[in-house]
Amino acid sequence: MIDFYSAATPNGYKVAIALEEMGLPYQLHALDLMANEQKQPEFLAINPNGRIPAIVDQDNDNFAVFESGAILLYLAEKTGQFLTSDPKARSQTIQWLMFQMGGVGPMMGQANVFYRYFPEKIPAAIERYQKEGRRLLEVVDGQLQKHPFLAGDEYTIADMATWPWARIHEWSGIDISGLDALKAWLDTLAARPACQKALLTPAPSDATDEERAKQIRGMVTR
């Protein structure tokens, strides 16, 4: 059994997808980020950085893993799924996983902050992160023009990591017009039952976009 600590965010959904795709039994522990539950001592004992997601593998002496990319690698290696043992293909998957971890997530995350959450509108910052987010999605689109999935012909943890971020491009204010391969890939993954289930693990709030932005604004600026 895996104890899965998460919230309704792209980083949390990455791990939810993996758990569903791999068929691993897990217990969801949904944290209220607005109530600062991720900063409480109980959770900091699992992840000293105070961020979701994190897991505790009960079947491996209650081994804790934090950072979404590290969790995906751990689960793939645990199950032998979605990460091949072929050295070159394995490296391709890890390269695209790191591309998401170091690029797509952070840049789109900053686009969200300055476009949606930050109380003061700073046009230069908004433009900088939206343009970089668009550029990174163009890189994804270029790869998907040549292959059905990010690491090649097989669906891998790299796709699981990138899809939850790429799918919220509108929330980041990033236009993906002309990126037809990216759009097709977004639709392909959206049709997967595991991805559909993950977006409800945990379920997002029923707040309006403005209400949600206001809630997150308070968390970002405190």
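A residue counts as buried at under 20% relative accessible area, as exposed at over 50%, and as partly exposed in between (1.4 Å probe, protein chains only). Lys78, with a relative accessible area of 38%, is partly exposed.

The model is predicted: local features need pLDDT of at least 70, side-chain atom pairs count only at pLDDT 80 or more, and totals for chains, interfaces and linings use all residues. Residues are numbered from 1 along each chain as its sequence is written, and side-chain values use heavy atoms, with hydrogens and water left out.

Helices (H or I, at least four residues) and strands (E, at least two) are DSSP runs, numbered from the N terminus. Strands E1 (residues 2-6) and E2 (residues 26-30) pair in the parallel sense over five bridges; pairing requires that DSSP finds at least two bridges between two strands. In this pair, Ser6 stands opposite Ala30 of E2.

The whole structure holds six salt bridges, a salt bridge being a side-chain nitrogen of Lys or Arg within 4 Å of a carboxyl oxygen of Asp or Glu. One of them joins Asp57 and Lys78, with the closest N and O atoms 2.9 Å apart. Asp57 lies in strand E3 (residues 54-57) and Lys78 in helix H3 (residues 68-79), so the pair ties together parts 21 residues apart in sequence. Asp57 is buried, at 0% relative accessibility.

Another salt bridge is formed by Glu138 and Arg134, whose closest N and O atoms are 2.8 Å apart. Both residues lie in helix H5 (residues 123-146), four residues apart, about one turn of the helix. Glu138 is partly exposed at 37% relative accessibility, and Arg134 is partly exposed at 21%.
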